[in-house]
Amino acid sequence: MKIHSPIVLSFIFLTLWLPPIAAQQYEAALDALLTEFSETTTGGTVLIAKNGSVLYRKAFGMANRELLVKMEPGHIHRIGSLTKQFTAAAILKLQEEGKLSVKEDITKYIGDYPTLGHTITIEHLLTHTSGIANYTAMPKFKGDIRRKDHTPLELINFFKDEPMDFAPGDEFKYNNSGYIILGHIIESVTGQTYGQFLEETFFQPLGMKHTGYDSSSKIIENRVPGYSWENGAYRNTAFLSMTLPYAGGSLLSTVDDLFIWNQAIMENKVLTKESKTKVRSPYLLNNGQATNYGYGLRLGQIQDSPTLKHGGTVNGFSSYAISLPREKIFIAMLTNCDCSWDIETTASKMAAVVMDSPYTFEKQKVSKKALKALQGRYSSPGGTERIIRYEDGGLVFFRKGGEKSQLIPFEAHKFQIGTSLDILVFKKDTNDFILKGLDNTVKWQRMDGKVTAFESVALPMDVLEKYLGEYRLSPKRVFKVIAEEGTLFGQMGPNKEEILPLDRERFYAKSIDAQLIFDLDADGSVVGLTIFQGKPKKALKIN
C-alpha cells in the first residue's frame, strides 16, 4: 500500500483545505453534531469536503481504550460494506476492458453453481437481486466458522446449495453472498487475488496509500482496534477471519483515502462516464419497479437533493460515506465500534448543514381533533402496512406488533418520525401521506378500517399493586408485572416495557404494539392475563 506518484500527492495537497473563513461558518454546527454522536461510540474520524476541497477533518474519542490512545484523523479503520463500491468498480473496469460483461451468467465462472433453471447474471449480484441466500444471515454462520480462513470457493460452497429466496430480478434483498461471487469472478478473470487487483488498479495509481485488504496477522501502522458494546460496557470485538467478508467487506481505509476515491470517481479517473452512470442508476426489477440501489451504492436524498451512499458494519467497526453530486459535497465517517447505529443520521445532518439547509424540527401544537383525524391503517405500493394511532396526546406510527415511533408535528401537515430524519407529509383532503426518507420517497394510501385512540387513566397504587406478580405462559416462560416508582412494567426475561391502564382490565404497552387484558375473579382479584401481540397468549398468575 505504498505510493510512487508525486503528481497525485501534489493534487491532494492543493485540494486539501478550503480557506479558513469558508470552513468556520459551519464549524460550530458540525462540532455540535459530532459531540452528540461521540457519546454513542468509542471513537472515530470524519471528513467533509465541498467543491473538491476539505472543509472539516477531525477525530474524536479513543483509538485504543486499553492504552488510552486518542483517535487521530489519519487512523485506519475497517470499512465493512463500503468495500462493495470498490468491487463494483473493479467489475466495471474489467467490462470496459472487454474481459467480461455484467450480463453474463455466473455459471461461466462457477460451472457447477446450482441456478435451479434460472439465469443469474453478474448484474444481479451487483444489485442484490440474485435471490441467492445471504450467507451472513444463515444460522450456521457462527462460532468457529467465523474464525477460520476460507478460500473464495470454499465460502461459495458454504451457501450455494441453500434454497433461493426468489427468482433473479424479482426482488431486491441486500445480499453479501453476491459480492463473494463477484470477488471470485475478479480473481478468475485477472489471475490475481482480489486485493492485489484493487491495489494495482486503483489504490496505487490514485495514491490511496492507507487503503487495502485487511489482515489480522499483518502489522499495519496506524490501524486501530475495534470494539463492541455488550451488557452495558465496551469490549474487544470478537475475532473474525477477514477472508469471510472478502469482496463484500474486508477493506481498510481512512477518511482521506475515501475522499481521494470519491474525487477520482467524480472526475471520471476511475471509470468511464457510461460506467459511472450504471453505478448511480437505480436497478429495475422484472416488474419495472425501481430499487434504490445501483452498482455497489445506495441511492437516496437529503433535503430533496440526490445522494449516493453506503454504510458498513463489520466486527468492531462502523462506516458511512455519502456524496451529493449536485452540491459536490462528500462526507466520510469511520468509527471503531460496531455499535454506531446513528452514523447515517449524523452524516446526513452534517451534509444538510454544509448544504446550507440544516434540518430544523421545532415541535408545533396540533389539536387533539386534528391528530385523531389522521388515525388509520395505511399501505405502501409494495403492500407494506403501517398503523397511526392517537395515544395520550400524540400520534404513534408502527407496524402490527412492532415498535412504536412518535410522530412529532413541526409544520402544517408535516411530522418527524421519532428522532430520525424521516418525514411524513399528509395530504390535506385525503389524509394519505408521503414518507420522505433518506432512501426514497414513498406514497402511502389510507385503508378502510377504524383505529381506536388510546387514552390512559390514572389508577391508585393500591389498585395497581393487584396486577404485580408472575404469570406462567408455558412451563419455561414466565411473564412478570413489576412496579418502579409508581409505574408498571411488563417484563419477559431481560426485556421490559412500560404498560399503561385504559381501565381496570385493559392495559397497553407504551413503546410496542401490545395490549394486556387482565382476568379478574368475582372478588376483583387478578388471576391471569392475555397478551395481545400477534397470536393471543394466555397466562395464569402464579404468585
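1. A word on burial to start: a residue is buried when its relative accessible area is under 20%, exposed when it is over 50%, and partly exposed in between (1.4 Å probe, protein chains only). By that scale Asp165 is partly exposed, with a relative accessible area of 36%. Its salt-bridge partner, Lys173, is also partly exposed, at 43%.

2. Some housekeeping. This is a predicted model, where local features need pLDDT of at least 70 and side-chain atom pairs count only at pLDDT 80 or more, while totals for chains, interfaces and linings use all residues. Residues are numbered from 1 along each chain as its sequence is written, and side-chain values use heavy atoms, with hydrogens and water left out.

3. Back to that pair. A salt bridge here is a side-chain nitrogen of Lys or Arg within 4 Å of a carboxyl oxygen of Asp or Glu. In Asp165–Lys173 the closest N and O atoms are 3.3 Å apart. The count for the structure comes to 28 salt bridges.

4. Have a look at Glu344 and Lys309, whose closest N and O atoms sit 2.9 Å apart in a salt bridge. Glu344 belongs to helix α10 (residues 343–354) and Lys309 to strand β10, so the pair ties together parts that are 35 residues apart in sequence. Helices (H or I, at least four residues) and strands (E, at least two) are DSSP runs, numbered from the N terminus. Glu344 is partly exposed, at 25% relative accessible area, whereas Lys309 counts as buried, at 2%.

5. Lys480 and Glu470 make another salt bridge, with 4.0 Å between the closest N and O atoms. Lys480 is in strand β22 (residues 477–484) and Glu470 in strand β21 (residues 469–474), so this pair links parts that are 10 residues apart in sequence. Both ends are partly exposed: Lys480 at 34%, Glu470 at 25%.

6. You'll find Ala453 in the loop between β20 (441–446) and α12 (461–464). At 22% relative accessibility, Ala453 counts as partly exposed. Ala453 and Leu395 are 58 residues apart in sequence, yet 9.3 Å apart in space, C-alpha to C-alpha.

7. Thr254 is in another loop, between β8 (251–253) and α8 (255–266), and counts as buried, at 1% relative accessibility. The Thr254 side chain reaches the backbone nitrogen of Asp257 at 3.0 Å. Leaving out residues up to four places away in sequence, Thr254 touches Gly74, His75, Ile76, His210 and Leu334.

8. Which helix or strand gives the most to the lining of the largest cavity? That would be α8, with 5 residues. The lining has 20 residues, with Gln85, Trp261, Asn262, Ile265 and Leu297 nearest the cavity centre. By type they split into 13 nonpolar, 4 polar and 3 charged (Ala, Val, Leu, Ile, Met, Phe, Trp, Tyr, Cys and Pro count as nonpolar, Asp, Glu, Lys and Arg as charged, and the others, Gly among them, as polar). On a 1 Å grid over the protein atoms alone, a cavity is a set of points where a 1.4 Å probe fits but cannot get out, and lining residues have an atom within 4 Å of a point.

Notes:
Polar contact = N/O pair within 3.5 Å; in protein donor to acceptor, adjacent residues only side chain to side chain. Contact = heavy atoms within 4.5 Å. 1 Å grid on protein atoms, 1.4 Å probe; cavity = no way out; pocket = protein on both sides within 12 Å on 5 of 7 lines; lining within 4 Å.
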